Amino acid sequence: MSGDNSFVVVANRLPVDLHTAPDGTRTWTPSPGGLVAALSPVLEHQQGCWVGWPGVPDEAPEPFRTDAGVLLHPVRLTQGDFEGFYEGFSNASLWPLYHDLIVTPEYHREWWARYRDVNLLFAQEVAEVAAEGATVWVQDYQLQLVPGILRQLRPDLRIGFFLHIPFPGADLFRQLPWREEIIRGLLGADLIGFHLESNARNFLDLCAGTEGLTVSGTAATRRTDAHVTTHDGRSVAVGAFPISIDVDSLGEGTPGGVEKLRAELGDPQTVILGVDRLDYTKGILQRLLAFEELLEAGALEGAVLLQIATPSRERIDQYQVARSQVEEAVGRINGRFGSMGRPVVHYLHQSLPKSQLRTFYEAADVMLVTPFKDGMNLVAKEYVACHPDGSGALVLSEFAGAAVELHQANLCNPFDMESIKRALLTAVQGAPDVMRERMLAMHAQVSEYDVDRWAEAFLSALGEHR
Ligand code: GDG
């Protein structure tokens with residue numbers, strides 16, 4: 001069982017979208033994101049293939065090639081798979097557990113069974129398309145069993161795994177009823193990558209406390225100084241590979257776009273911006289409350305907050321709760337502090353084109369990124385990338401992975417309202433030359449370590465390992 005693709009990426013989602021024309025004609029179009037952009041050169045050079053779910057239950061188009069020559073190989077998931085594997089186990093068990101229990105995870109045996117089945121399905125598809133000795137790069141928490149299954153199906157493959165979200169402390173992870181299976185699944189890889197050394201350390205601590213596993217070395221960034229030796233004597237490398245952005249994917253700025261946007265917002269003195277998927281991990285409500293308290297104290301005269309909250313996982317209860325809390329707060333704040341035709345919070349629950357996001361980033365005097373927990377947070381890096389002249393200011397949660405590299409930001413503790421308020425006020429009122437210096441330092445970081453460097457670092461570490 002083998003195909004002819006020497007480089008295979010496998011992710012829950014295939015980078016495609018289904019478009020239905022008014023006459024009912026349906027077309028699948030590639031949807032380029034940061035990951036696709038980063039991996040495209042490798043995928044193109046190496047007869048690459050991307051295996052994933054096309055995003056619509058009970059459908060899978062035939063495999064097809066993008067204009068750039070990347071083979072997209074759809075995996076068909078049923079509505080039941082989507083509910084149990086994706087909405088259930090991935091997003092209502094693992095997601096809250098890995099984000100340190102911001103909401104309480106639910107564990108259901110039926111969800112776990114689906115997770116196992118779907119991981120098996122993904123692994124089988126990969127086993128079919130991967131050439132002898134191919135490199136396979138498995139992405140993220142939805143597919144943690146794939147490395148282990150694939151190792152059994154195809155021992156000839158070189159397998160990398162990258163986790164895009166945090167990895168929790170061993171004491172939290174251990175509540176997972178299927179913890180051993182997940183660890184075994186991950187250890188099927190030759191290299192396991194995390195965003196941060198602290199995530200890698202959590203994983204190594206867990207392994208050190210698991211019978212039959214031996215840990216050597218310490219977690220390092222863009223290096224694989226740490227290894228886990230498995231029951232069967234294989235050595236698995238572990239390291240931190242902080243992801244970054246593809247600056248080009250933000251497109252060119254629209255001439256006059258910033259002025260037009262600021263005029264639409266009523267030419268405020270200060271534009272404060274938030275851009276997030278509407279997710280309870282992102283701390284959107286907390287930042288609205290901080291903004292409200294500052295308005296109440298008269299400390300933010302002439303400021304408006306523009307919050308983009310992209311719809312996400314809308315059928316899951318906790319996401320519905322998060323949305324209604326956010327929308328209630330937006331309504332209350334505008335009711336209290338807005339005036340006719342002049343809201344103080346501009347709120348969009350929509351997904352916008354990237355070019356428009358760029359204009360928002362450019363127009364914002366302050367960017368508010370306040371997650372309770374976040375693997376990295378690309379929004380923070382995108383904002384910095386859009387301010388090459390050092391203008392603007394970033395308020396960033398200490399609990400976002402990005403805070404390790406962007407430590408010159410105005411850091412805050414999102415669990416502490418006073419801390420968010422302080423960081424926001426400093427960002428608005430801080431000495432311009434200090435703010436500029438910090439932004440320039442962060443811009444240099446983001447420009448140097450872009451998403452290409454991330455992919456390159458991971459893949460060369462994987463190449464060296466076996
Ligand atoms: C996970 C981890 C980690 C947002 N709204 C729109 C839009 N976006 C884009 C942003 C950014 C991306 O979505 C969001 O990335 P984040 O990193 O901020 O957050 P997650 O979605 O939670 O991503 C995270 C990441 O994986 C990568 O490893 O950093 O920690 O949770 O690029 O610009 N894009 C468009 N319209 C929108 O309305 N086009």
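Biologist: In β9, which residue is the bridge partner of G160?
Modeller: This is a predicted model. Strand β8 covers residues 158–162 and strand β9 covers residues 191–194, and the two pair in the parallel sense over 3 bridges. In β9, the partner of G160 is L191.

Biologist: Which strands are the edge strands of the open sheet?
Modeller: The sheet has 10 strands with mixed pairing, in the order β5-β6-β4-β1-β7-β8-β9-β12-β11-β10. An edge strand here pairs on one side only. That holds for β5 (64–65) and β10 (214–216).

Biologist: Which residues come nearest to the ligand?
Modeller: There are 21 residues around the ligand. They divide into 9 nonpolar, 7 polar and 5 charged. Those that come nearest are H164, T310, L352, D374 and E382.

Biologist: Which helices and strand each supply at least two residues of the shell around the ligand?
Modeller: The shell draws at least three residues from each of domain 1 (5–244 + 452–465) and domain 2 (250–448). The elements that each supply at least two shell residues are β13 (270–277), α11 (354–363) and α12 (378–385).

Biologist: How much of the ligand's area does the protein bury?
Modeller: A polar side-chain atom of K354 lies 2.9 Å from a ligand oxygen, and a side-chain N or O atom of D374 is 2.6 Å from an oxygen atom of the ligand. G375 places a backbone N or O atom 3.0 Å from a ligand oxygen. Taken alone the ligand exposes 740 Å², and the share of this that the protein buries is 82%.

Biologist: What radius of gyration does the protein chain have, and does it agree or disagree with a compact globule?
Modeller: The chain has 16 helices and 18 strands, and its C-alpha atoms fill a box of roughly 65 × 55 × 40 Å along the principal axes. With 466 residues, a compact globule would have a radius of gyration near 23 Å. The chain's value agrees with that, at 22 Å.

Methods:
Residues numbered from 1 in each chain as written. Predicted model: local features only at pLDDT ≥ 70, side-chain atom pairs only at ≥ 80, totals over all residues. Heavy atoms only, no water. Pairing = 2+ DSSP bridges. Helix = DSSP H or I, 4+ residues; strand = E, 2+ residues; numbered from the N terminus. Near = heavy atom within 4 Å. Polar contact = N/O pair within 3.5 Å; in protein donor to acceptor, adjacent residues only side chain to side chain. Areas by Shrake-Rupley, 256 points an atom, 1.4 Å probe, with all protein chains shown as cover. Nonpolar A, V, L, I, M, F, W, Y, C, P; charged D, E, K, R; others polar. Domains from an automatic or database assignment. Rg over C-alpha atoms; globule rule 2.2 N^0.38 Å.
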